[in-house]
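User: Hi! I have a protein model open and could use a hand reading it. Can we go through it together?

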Amino acid sequence: MTGSENPTAHGGADADTSDVGAAVAAAHRAHWAPVLAATVRVTRDLDIAEECVQDAYTQALRTWPSAGIPEHPGAWLRTVAGNRARDLLRRESVWRRAMPLLVEDDTVPGPQDAAEPPAVADDTLRLIFTCCHPALSREARVALTLRLVCGLSTAEVARAFLVQESTMAARITRAKKKIATARIPYRVPTAADLPERVSTVCDVVHLVFTTGSNAPVGAALIREDLVASAVGLARTLHRLLPVAEPAGLLALLLLIDARRATRTADDGQPILLADQDRSRWDRRLIAEGTDLLTEALRGGPPTRYAVQAAIAAVHAEAPDFEATDWSEIVALYDVLLRLWPSPVVELNRAVAVGMRDGPRAGLIALDDLAAEPALATYRYLSAARADFLRKLKQWPEAITAYEEALVLTDNEPERAFLAARLAEVRRAARS
């Protein structure tokens with residue numbers, strides 16, 4: 001049977017083109033990482049594996065309209081990508097013998113072998129730890145994992161990092177070459193090596209979650225596939241290494257994800273935190289996240305994820321927006337800045353100051369960040385300034401800030417929200 005044959009297809013011949021497009025898009029969200037990870041095991045070359053997987057999705061677009069959508073799209077895609085990989089290897093065997101390949105080393109020395117959890121054998125974790133190898137720079141590890149594990153486009157990864165697309169493309173290319181030339185093994189590290197490697201993997205999972213929670217582009221505010229992937233990976237990491245950092249990370253993700261159902265209206269428009277129906281927040285996730293936060297804080301000095309989780313817990317514990325303890329949140333951001341100095345953290349702290357001390361104080365705190373290069377094209381800085389200016393009824397300045405935020409925003413629901421606020425401010429300025 002060839003990779004394109006499909007004995008378990010459903011939908012019949014001449015399936016509707018829109019149905020096929022939706023099915024391929026859903027398969028990309030759900031199966032990109034495991035299909036790529038399985039193909040890397042065949043090719044031991046990231047570029048060739050990625051090419052084969054992309055070919056498999058292209059073949060799905062050509063084949064499924066007539067053959068029907070397969071009952072198990074992930075298995076179909078793995079078969080097609082694997083067959084394509086083996087064909088390439090046969091044709092290029094002489095050339096490839098002279099090329100550096102990704103080393104597949106499944107042996108884990110030491111007495112801990114028999115006790116390793118099942119997650120060690122998971123291809124997706126293999127791919128993540130390979131992408132997060134210490135031989136790569138921290139930025140390259142996260143970028144490469146977002147590109148390969150999550151299937152984000154280079155443009156989406158660039159937006160997540162607040163850098164130009166060309167810069168990100170070069171960074172990803174260099175990282176792939178480094179993996180091949182450095183002969184980085186395609187496996188989860190040994191139990192002895194895991195602690196020093198887990199911090200970078202936590203960074204990856206966190207950025208995947210934040211990219212999914214506030215999608216930089218697209219028709220939806222939340223990319224639920226990325227959010228679900230990040231939460232699943234965080235759970236796996238916590239089981240694999242139940243220490244403070246993964247516990248704090250998982251706590252943070254669950255406490256934020258507990259609000260997911262209330263963050264958008266029926267039409268997909270964003271609902272601000274102040275307007276969310278807190279009775280619909282997932283109390284089960286909040287309880288689990290709070291327990292994990294306690295575990296993380298008992299496990300040693302606070303990590304940045306534990307402090308971020310504590311901030312999310314303050315929001316979760318407030319019965320309504322007006323009851324939020326903004327003084328505690330500002331104090332927690334002060335701690336976070338010591339652990340993790342970041343322009344985005346400074347921005348979030350400035351917003352919290354405005355909530356505690358009033359919009360003028362918040363605007364002053366935001367204006368102190370105006371010269372920060374990393375925030376020059378960050379849409380939330382302009383949006384936050386616009387909101388404070390609106391509350392102060394400084395209409396011309398608010399109009400300009402909303403216009404700037406619109407220019408910097410590519411997510412469609414966020415654009416619609418900002419456009420509505422801009423129209424509101426323009427009406428107020430005319431009255």
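Predicted model: local features only at pLDDT ≥ 70, side-chain atom pairs only at ≥ 80, totals over all residues.

User: Okay, how many helices and strands are in the chain?

Analyst: The chain has 19 helices and 4 strands.

User: And what share of the residues is buried?

Analyst: Of the 431 residues in the chain, 50% are buried.

User: Which residues touch the most other members in the largest nonpolar core?

Analyst: Those are Trp64, Leu127, Leu146, Val205 and Leu253, in a core of 104 residues. At least three residues of this core come from domain 1 (17-97), and at least three from domain 2 (325-376). Another core, of 24 residues, lies apart from it, and its members include Leu381 and Leu422.

User: What lines the largest cavity?

Analyst: The lining is made of Ser213, Ile222, Val227, Ile256, Asp257, Arg260 and Arg263. By type, the lining residues are 3 nonpolar, 1 polar and 3 charged.

User: Where is arginine 263 placed?

Analyst: Arginine 263 sits in the loop between helix H11 (244-257) and helix H12 (283-298). Beyond four places in sequence, arginine 263 contacts several residues, including Ser213 and Ile222, and both of those also line the largest cavity. From arginine 263 to aspartate 275, 12 residues apart in sequence, the C-alpha to C-alpha distance is 9.0 Å.

User: Is arginine 263 buried or exposed, and why?

Analyst: Arginine 263 counts as buried because its relative accessible area is 14%, and buried means under 20%.

User: What about threonine 264? Where does it lie?

Analyst: Threonine 264 lies in the loop between H11 and H12. With a relative accessible area of 25%, threonine 264 is partly exposed. Leaving aside neighbours within four places in sequence, threonine 264 is in contact with Leu221, Ile222, Gln269 and Ile271.

User: I also picked aspartate 203. Which helix is that in?

Analyst: Aspartate 203 is in helix H9 (residues 194-213). This aspartate counts as buried because its relative accessibility is 9%. Aspartate 203 touches Arg138, Val142, Arg304 and Tyr305, with residues up to four places away in sequence left out.

User: Last one. What is the phi of arginine 44?

Analyst: Arginine 44 has a positive phi of about 55°, although it is not a glycine. Most residues other than glycine have a negative phi. Arginine 44 is placed in the loop between helix H1 (17-43) and helix H2 (46-67), and is partly exposed at 33% relative accessible area.

User: And what is the phi of arginine 183?

Analyst: Arginine 183 has a positive phi of about 55° and is not a glycine either. You can find arginine 183 in the loop between helix H8 (165-181) and H9. Arginine 183 is partly exposed, with a relative accessible area of 41%.

User: Great, thanks for the tour!

Methods
Residues numbered from 1 in each chain as written. Heavy atoms only, no water. Core = buried A, V, L, I, M, F, W, Y, C linked by side-chain atoms within 4.5 Å. Buried < 20%, exposed > 50% of the residue type's maximum accessible area, 1.4 Å probe, protein only. Domains from an automatic or database assignment. 1 Å grid on protein atoms, 1.4 Å probe; cavity = no way out; pocket = protein on both sides within 12 Å on 5 of 7 lines; lining within 4 Å. Nonpolar A, V, L, I, M, F, W, Y, C, P; charged D, E, K, R; others polar. Helix = DSSP H or I, 4+ residues; strand = E, 2+ residues; numbered from the N terminus. Contact = heavy atoms within 4.5 Å.
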